[in-house]
Amino acid sequence: MSQSYYSSIANTFQDYAVTYNHRLFNHFPMSIVALERFGASTEQLEAFREYYCERLVHMPTSQSDNQEELNEFAAIEQLTELILSQLECDGIEATLKMRLPELLNGVGAGNFYAINRLAYAVNQNNKNDIAVSLALWEILHLSLGELGETVLKRPTSLLRNVSKCIGHIRFGAGNTTDRMTSVTTLIDYQRTPHQPEVIDFESIANAAATIYKMSGDFTMLHSVTACYSFNQLTKYIEDESLGLRYLWQAIVVAYLSAGSPAMTNVEKPALLPWPEIVAFCCGTHNEHLIELCYACRHLHELSGKGVFHQVAAHYVTLYSEPA
């Protein structure tokens, strides 16, 4: 059996820092997985790699002038080595079952970057990248407070209600984590129930895709990919229901942090066939579009819900139109 493209370059992933250009996250490992599973040719994979890696930052050395960067690198490296030792000793399953319960209440870490990178690494059995992802999740861990009381309403109805109570607050410039933290300090957020009484994976994933489809907000794109990632990690999560509540809580806070973007009914897009969507993704260098469509195809196959196909088709059509 020939070696996969991912396997042939996996040892290069740790050459690059997890962020670049003022806190943008490095999606290189995840995009390569999605492209290869989409059936991208070696030429397409190489083209993406060459294009994408130009923007990335190599791991800082001790000669770096940026002390904050050095301190962050040292913290990630130290924790990564510790977790990697555990993975080598106990294995992937035992390590995840031990660590995930302590991390799930901070599932929004890095606007869901940590859980997304972890899911892809687990799917590839890449212990090095699993260790990096878990270390990031722990370092970026973002607790959003108590889950609060439940209400017998659909997730999207609850979201609309809590956004009305808080109002369309515009937070100052800063990254998503800063804005999400600001939301948790609002009294109206703390007092307004946002948890559905009945919770299951399908309803949360469907709500995430619906919110993104109706709002078009970039922050909410990551809630869709996070649902895919959560599903990939379910077998390592002892209390799936509790995990789903933390996932939904993070989606709600991410939405509020974006200023509660208007959710309006949109016309159903012409549904491009999945082979056309996949072919477009294989030729693009847009990492977010690649991972969105990859997640949507999986969630569509899993649930049969048309919203996932609609989201993928809409954004491929949008990005393929001339500027």
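Predicted model: local features only at pLDDT ≥ 70, side-chain atom pairs only at ≥ 80, totals over all residues.
Ile32 touches Tyr5, Tyr6, Ile9, Leu45 and Phe48, when residues up to four places away in sequence are not counted. Ile32 itself is found in helix α2, which covers residues 28–38. Because a residue is called buried when its relative accessible area is under 20%, Ile32, at 0% relative accessibility, counts as buried.

The chain contains 16 helices and four strands. Its radius of gyration is 19 Å, close to the 20 Å that the globule rule gives for 323 residues, so the chain is as compact as a globular protein of that length. Taken along the principal axes, the box filled by the C-alpha atoms is roughly 50 × 45 × 40 Å. How much of the chain counts as buried? Of the 323 residues, 52% do.

The contacts of the chain may be described by their separation in sequence. Among contacts with a separation of 6 or more, 78% are between residues 24 or more positions apart. The accessible surface of the chain can also be divided by atom type. This surface comes to about 14800 Å², and carbon and sulfur atoms account for 49% of it.

The next topic is the open space in the model. The largest pocket holds about 490 Å³ of space. It is lined by 19 residues, and those closest to its centre are Arg23, Phe25, Gly110, Asn175 and Thr176. Which elements each supply at least two residues of this lining? They are the strand β2 (24–25) and the helices α9 (176–184), α12 (218–233) and α15 (287–303). Sorted by class, the lining of the largest pocket has six nonpolar, 10 polar and three charged residues.

Helix α9 also contains Thr184. With a relative accessibility of 17%, Thr184 counts as buried. Leaving out residues up to four places away in sequence, Thr184 touches Leu144, Tyr189 and Gln190.

The structure holds three cavities of 30 Å³ or more, and the largest cavity has a volume of about 70 Å³. At least two residues of the lining of the largest cavity come from each of α6 (113–123), α12 and α15. Helix α12 gives the largest share of that lining, four residues. Both α12 and α15 also each supply at least two residues to the lining of the largest pocket. By class, the lining of the largest cavity has four nonpolar, six polar and one charged residues.

The residues that line the largest cavity include His27, Met30, Asn116, Tyr120, His222, His288 and Glu291. One of them, His222, lies in helix α12. Is His222 buried or exposed? His222 is buried, with a relative accessible area of 9%. Apart from its neighbours within four places in sequence, His222 is in contact with Asn111, Phe112, Asn116 and His288. Of these contacts, Asn116 and His288 also line the largest cavity.

Definitions and conventions. Residues numbered from 1 in each chain as written. Heavy atoms only, no water. 1 Å grid on protein atoms, 1.4 Å probe; cavity = no way out; pocket = protein on both sides within 12 Å on 5 of 7 lines; lining within 4 Å. Points joined across faces, edges and corners; volume = space filled by probe spheres on them. Nonpolar A, V, L, I, M, F, W, Y, C, P; charged D, E, K, R; others polar. Rg over C-alpha atoms; globule rule 2.2 N^0.38 Å. Buried < 20%, exposed > 50% of the residue type's maximum accessible area, 1.4 Å probe, protein only. Contact = heavy atoms within 4.5 Å. Areas by Shrake-Rupley, 256 points an atom, 1.4 Å probe, with all protein chains shown as cover.
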